[in-house]
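Biologist: Let us go through this model together. I will ask, you answer briefly.

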Amino acid sequence: MKKISIIGTGRVGESTAQILAKDELCRELMLIDIHEGEPQGVALDIQESASLLRFDTRVNGATDAAAMAGSDMVIVTAGFPRKPGMSRSDVLETNLSIIDGIVANTLKHAPDAMLLMVTNPVDVLTWYAWKKTGWPRQRVFGQSGALDTARMASFIALETGYSIKDISALVLGGHGDAMVPLPRFTDIAGINIEHFLSPEAIELIGERTRQGGAEILELKKHSSAYDSPAAAIAAMVDAISHNRRRILPCVSILDGEYGQHDIAMGVPAVLSEDGLEKIIQLNLNEREQADFQRSADRVRADINRLC
Ligand SMILES: NC(=O)c1ccc[n+]([C@@H]2O[C@H](COP(=O)([O-])OP(=O)(O)OC[C@H]3O[C@@H](n4cnc5c(N)ncnc54)[C@H](O)[C@@H]3O)[C@@H](O)[C@H]2O)c1
């Protein structure tokens, strides 16, 4: 990609910018925030690491939304994170007005871009951005499953002591307490985790995964997670930028898949230069489908608050 814009240069936005710049995932990175000096300062700071880290991505900052013109991708990390004790849904109304303006600016200044949503609650805001742009779902999607899956893999590595490099996990559903870790689709070197862990241990890992964001928030108190979210965003951008056709769980607009219509939720999808090229439909068993439905009901309840 020639140009990527990141809207919101707080913790997640800045961490993401560092990885995208270092990995040279685009030629030009534009950082946009509402506080004069902030995005310019972040951009300069990252740019000044280029000689040491050996990258030549150009990094610029601006407060004027017009600076996103010509972007191949717009990544939205602007908005409030939740505070300890809050759910992601609790910031819906606050973040909706922010997203509303950003989507309008994207339509105006970067009408051909892909839109990668990160701001929480990410499922409902991805759905909202899709509705408001009227763009095909290939160009409007969100990040949550890459992160939730990485969290689950980390907890399995910690519990078993085996290399994270051999662990492949899968988490579907909405990015909330009702997300759906799927042990049946989780393995270590191709061997299902039931071979290594008791049902009780697997259940505990699933629950820790569902509470992964809250656990970090409780520890840090003044900030939610941003290093692992940034790595998850970068994995998605890398797949698109290099046309890798990676299969990653992404917040996707569903049109009949998994029994859902007119909703955005995390499901496995193929990411390529065309964006979200294809959704992978898994044959869920009865319990998995019921868990997915419970998660969908939560997302739908948030969508209904907007209608
Ligand atoms: N999807 C995920 O997996 C995931 C993971 C982590 C965080 N998040 C979400 O990402 C968002 C950002 O989190 P953070 O920790 O970086 O917060 P932060 O407070 O550090 O940064 C938010 C930034 O957004 C900026 N901003 C606000 N309104 C704006 C606008 N209209 N245009 C441009 N910039 C604007 C603020 O000035 C601030 O710099 C939160 O909603 C958080 O919940 C999502």
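**Charges and ligand**

Modeller: One point to start: this is a predicted model. R208 is partly exposed, with a relative accessible area of 36%.

Biologist: Which residue forms a salt bridge with R208?

Modeller: The closest N and O atoms of the pair are 3.0 Å apart. That counts because a salt bridge needs them within 4 Å.

Biologist: Which side chain of opposite charge is nearest to R88?

Modeller: R88 sits in the loop between β4 (73-76) and α4 (92-109). Its contacts beyond four places in sequence include R82, N120 and H175. R88 is buried but has no salt bridge. At 4.8 Å, the nearest side chain of opposite charge is D177.

Biologist: How much of the ligand's accessible area does the protein cover?

Modeller: A polar side-chain atom of D33 lies 2.6 Å from a ligand oxygen. The side chain of H35 has an N or O atom 3.2 Å from an oxygen of the ligand. G79 places a polar backbone atom 3.3 Å from a ligand oxygen. Of the 870 Å² that the ligand has on its own, the protein covers 87%.

Biologist: Is D302 buried or exposed?

Modeller: D302 and R305 both lie in helix α10, 3 residues apart. They form a salt bridge, with closest N and O atoms 2.9 Å apart. R305 is partly exposed at 39%. D302 has a relative accessible area of 9%, and under 20% means buried.

Methods: Residues are numbered from 1 along each chain as its sequence is written. This is a predicted model: local features need pLDDT of at least 70, side-chain atom pairs count only at pLDDT 80 or more; totals for chains, interfaces and linings use all residues. Side-chain values use heavy atoms; hydrogens and water are left out. Helices (H or I, at least four residues) and strands (E, at least two) are DSSP runs, numbered from the N terminus. Buried means under 20% relative accessible area, exposed over 50%, partly exposed in between (1.4 Å probe, protein chains only). Lys and Arg count as positive and Asp and Glu as negative; His and the chain ends are not counted. Contact means heavy atoms within 4.5 Å. A polar contact is a pair of N or O atoms within 3.5 Å; within protein, one must be able to donate a hydrogen and the other to accept it, and residues adjacent in sequence count only if both atoms are side-chain atoms. Accessible areas come from the Shrake-Rupley method with a 1.4 Å probe; for residues, only the protein chains shown count as cover.
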